[in-house]
Amino acid sequence: MWEGPLAEIKHKEHSTLLDGDVNVVGEMLHNPTHSMLCYGFDELMLFVEGRTDPASALVKTSEWLYDNLRRLAESVGAIRLANPENYGHHSDLDPGIENILSKLDDHFGVRVAFPNPYAGEVGLATSRGIVSYRTIQAIYQAWRAVNLATTPRVLEIGPGLGRTAFYLKLFGVGDYVGIDIPLSNVAQAHFLGTTLGESTVRLHGEKRDGFQIVPDRVLTELEGHFDVVLNADSLTEIDRATATTYWRFIEKRCGVLLSINHEDNPFTVRDLYSGNTLRVERYPYWMRRGYVEEVVRFKA
């Protein structure tokens, strides 16, 4: 997928980076809705004429976004789960956006922030900024990761724009590595450098502390053990051989895998661990119908 159709769609952006004109590259990074750099992992991209698939329509629907925000609060326990069989007793049919955000603050023990460094963000308007679909997903994924291990060292395969990494930092994670193809690394580094500060981000080859953003070719060069590996919506979108390479790394060097993927690609995450004697938790993903959340625990 990433070497075929998506590579063709992003050909102009790839050429822009290879040309190395700092002003042109800077314009592309500061204004992602003017290019296709984030296509495939974020809604901050140039509008695609004729794109009418259900996902692209839903992420711009305020009712669906509000439902997602409420699901987030219900999933983490910040508000009670609505019961359609017994409305009116303990359920608040419409808790409201600001009330939900306040409840999330109380539950997490930190004020939830919503950075909007780029023009064109689409989502729910709040007193703290625009809450996009990807933002809501990122908060849930970060919360799940920090609850799977104490002060975890996190490896994220395919970090998207870096939104989940932002919330991992907010939730107290200090050791993070995001690994992806170089074209996506550029967007991730710019987003995290803009929202967290340049000093908190370490690119491949730099000798300093910070959240690491590295290209996929250095997978085997990564040092040490990872407590949690997070993969959302990407491990089954690469070829089976590459996914197997990631899997072999994970089972040797990691404690827990948190996978959030659908099963409509040629292979599934379950295919990667099928036949292994592992402790696996598998259930529908709270935040998105049609996705499976799997927690795979490896031997010490």
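Glu 13, Thr 16 and Leu 17 of α2 are in contact with Val 24, Val 25 and Met 28 of α3, contact being heavy atoms within 4.5 Å. By class, this contact of α2 with α3 has 4 nonpolar, 1 polar and 1 charged residues; Ala, Val, Leu, Ile, Met, Phe, Trp, Tyr, Cys and Pro count as nonpolar, Asp, Glu, Lys and Arg as charged, and the others, Gly among them, as polar.

The model is predicted, so local features need pLDDT of at least 70 and side-chain atom pairs count only at pLDDT 80 or more, while totals for chains, interfaces and linings use all residues. Residues are numbered from 1 along each chain as its sequence is written, and side-chain values use heavy atoms, with hydrogens and water left out. Helices (H or I, at least four residues) and strands (E, at least two) are DSSP runs, numbered from the N terminus.

**Helix pairs**

Helix α2 (residues 11–19) and helix α3 (residues 22–30) pack at about 140°, with their axes 8 Å apart. That angle makes α2 oblique to α3; angles under 35 degrees count as roughly parallel, over 145 as roughly antiparallel, 65 to 115 as roughly perpendicular and the rest as oblique. Axes are lines fitted to C-alpha atoms, for helices over the stretch in contact, and the angles run from 0 to 180 degrees between N-to-C directions. The crossing of α2 and α3 is left-handed; a crossing is left-handed if the near helix is turned anticlockwise from the far one by less than a right angle, and right-handed if clockwise.

Helix α8 takes part in two further pairs, one with α7 and one with α9. The axes of α7 and α8 (residues 163–170) come within 8 Å and cross at roughly 50°, which means that α7 is oblique to α8. On the α7 side the residues are Arg 134, Thr 135, Ala 138, Ile 139, Gln 141, Ala 142, Ala 145 and Val 146, and on the α8 side Arg 163, Thr 164, Tyr 167 and Leu 168. By class, the contact of α7 with α8 has 7 nonpolar, 3 polar and 2 charged residues.

In the pair with α9 (residues 182–195), Arg 163, Ala 165 and Phe 166 of α8 meet Phe 191, Leu 192 and Thr 195 of α9. The residues of this contact of α8 with α9 divide into 4 nonpolar, 1 polar and 1 charged.

| Pair | Angle | Axes | Handedness |
|---|---|---|---|
| α2 and α3 | about 140° | 8 Å apart | left-handed |
| α7 and α8 | roughly 50° | within 8 Å | right-handed |
| α8 and α9 | about 35° | 9 Å apart | right-handed |

**Burial and length of the helices**

Of the 8 residues of α8, 6 are buried, so α8 is largely enclosed by the rest of the structure. Buried means under 20% relative accessible area, exposed over 50%, and partly exposed in between (1.4 Å probe, protein chains only). The buried residues of α8 are Arg 163, Thr 164, Ala 165, Phe 166, Tyr 167 and Leu 168. Their cover includes α7, β3, β4 (175–180), α9, β6 (211–215) and β7. After α8 comes Gly 172, with a positive phi near 100°.

Helix α7 is mostly covered, with 13 of its 16 residues buried. From its first C-alpha to its last, α7 reaches 23 Å, close to the 22 Å expected at 1.5 Å a residue; the expected span is 1.5 Å times one less than the number of residues.

The same check on helix α5 (residues 62–76) gives agreement, because its 15 residues should span 21 Å and its end C-alpha atoms are 21 Å apart. Buried in α5 are Leu 65, Tyr 66, Asn 68, Leu 69, Arg 70, Leu 72, Ala 73, Glu 74, Ser 75 and Val 76. These buried residues pack against α6 (97–108), β1 (124–126) and α7 (133–148). Gly 77 follows α5 and has a positive phi, near 95°.

**Loop residues**

Gly 96 lies in the loop between α5 and α6 and is partly exposed, with a relative accessible area of 21%. Its C-alpha atom is separated by 27 Å from that of Ala 145, 49 residues apart along the chain.

Thr 151, in the loop between α7 and β3 (153–157), has phi near 40°, a positive value in a residue other than glycine. With 72% relative accessibility, Thr 151 counts as exposed. Asp 233 also has a positive phi without being glycine, here near 60°. Asp 233 is placed in the loop between β7 (226–232) and α10 (240–253), and its 21% relative accessibility counts as partly exposed.
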